[in-house]
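This briefing concerns how two parts of one chain meet.

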Amino acid sequence: MEEKYMERALELAKRGIGRVNPNPLVGAVIVKNNEIIGEGYHECYGGAHAERNAVKNATKDVEGSTIYITLEPCAHYGKTPPCVDLLIQNKFKKVVIGMLDPNELVEGKSVERLKQHGIEVIVGVKEEDCKKLNEIFIKYITSKIPFVILKSGMSLDGKIATYSGDSKWITSKESREDSQNLRNRLHSIMVGVNTVIADDPELTCRINNEKSLIRIIVDTKLRIPLSSKVIKNQDKNTIVATTFSADENKKQILSDLGIKIIEVPSKNKKVDLKEVVKKLGQEGIDSILIEGGGTLNFSALEEDIVDKVIVYIAPKILGGEKSTSSIAGQGFSQLEEAVQLTDMRYRKTGRDLVIEGYIRKK
């Protein structure tokens, strides 16, 4: 029964996807006499936490009941008071927690406080599922470095465009819709300036019009056209990452247009991506979806900033030495240098195969 109620709490937590970054996704279920009497989840950044919403929504007195929470309740004052105090004040009999909060301000402190007040605590119910749900939060809260996903849609032979540049559409409609769900899950989206010049994308999240997806353009020499959609659409957040040596006049023009400029040193005559990611973390950005071309994709892998790879593979073969590959750049000279993935998962969207895996860190 504990797993059953925690599964329900996980389902509730997912309702906050796209609205709580950089906070965690949390769900809570209150049970009394084997009956669910209250449910809640963290609905939006800055809003009430899951426990408070569950208590508020309860249909009966919660005293003496059990609450199932996907993440250890907070023990500190932030935008809301500590949830652990709420549980103590409402005299819960038992608290079942999916995973401990890795935030150094919490880290088991709530568990100890609950026990000190005679409340039974169980930790680790469906823990792996809870950690998987909040993999972005876990990395960001412990390192202040964004969780980075590299996503690509390609043909069976690894091409993202024909030799003439035709690329719409290689993957299926279902894959493109699935990709929009991915955009909704993450805080920002990153592309290289070549993608902006070639495709002039909007880089928006079409399934959640309320979501302000932060758009990051990597542009070493500030070649970005002022007429591009990511520049003209000022209702959306746009950041241009460039080098200290880029044209100062162009920097000023972009700044005057409301574009945030992030400057970092150059590395191999390109933007130092590790430094960019660090600075984005300092800006409160907890996650990045890379949807770039082959050059940016290889640089991201080479610089070891990627945590996870998601590839949509269409059952098509394009061929051609001059067709655009999903991973370009110089490449690695030795097989032992190759980027390796672990914890692989496979699924289908429409006719396409989706492969997901985590970068095996060296």
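A salt bridge here is a side-chain nitrogen of Lys or Arg within 4 Å of a carboxyl oxygen of Asp or Glu. By that rule, the side chains of Glu-135 and Lys-308 form a salt bridge, with an N to O distance of 3.3 Å. The model is predicted, and the points below set this pair in its context.

**Domain layout**
- The domain assignment divides the chain into domain 1, covering 1-137, and domain 2, covering 144-359.
- The centres of domain 1 and domain 2, taken over C-alpha atoms, lie 35 Å apart.

**Extent of the interface**
- Contact between the domains involves 10 residues of domain 1 and 14 residues of domain 2.
- Domain 1 and domain 2 bury about 1100 Å² between them, and carbon and sulfur atoms give 45% of this area.
- Of the area that domain 1 buries against domain 2, Asn-21, Glu-135 and Ile-136 supply 47%, more than any other three residues.

**Polar links and composition**
- Between domain 1 and domain 2 the count is 1 salt bridge.
- Polar contacts across the interface of domain 1 and domain 2 number 5 residue pairs, with both residues at pLDDT 80 or more.
- On the side of domain 1 that touches domain 2, helix H5 (127-133) and helix H6 (135-143) each supply at least two residues.
- That side of domain 1 consists of 5 nonpolar, 2 polar and 3 charged residues.

Note on methods:
Residues are numbered from 1 along each chain as its sequence is written. This is a predicted model: local features need pLDDT of at least 70, side-chain atom pairs count only at pLDDT 80 or more; totals for chains, interfaces and linings use all residues. Side-chain values use heavy atoms; hydrogens and water are left out. Domain bounds come from an automatic or database domain assignment. Contact means heavy atoms within 4.5 Å. Buried area is the accessible area (1.4 Å probe) that two parts lose on being put together, summed over both. A polar contact is a pair of N or O atoms within 3.5 Å; within protein, one must be able to donate a hydrogen and the other to accept it, and residues adjacent in sequence count only if both atoms are side-chain atoms. Helices (H or I, at least four residues) and strands (E, at least two) are DSSP runs, numbered from the N terminus. Ala, Val, Leu, Ile, Met, Phe, Trp, Tyr, Cys and Pro count as nonpolar, Asp, Glu, Lys and Arg as charged, and the others, Gly among them, as polar.
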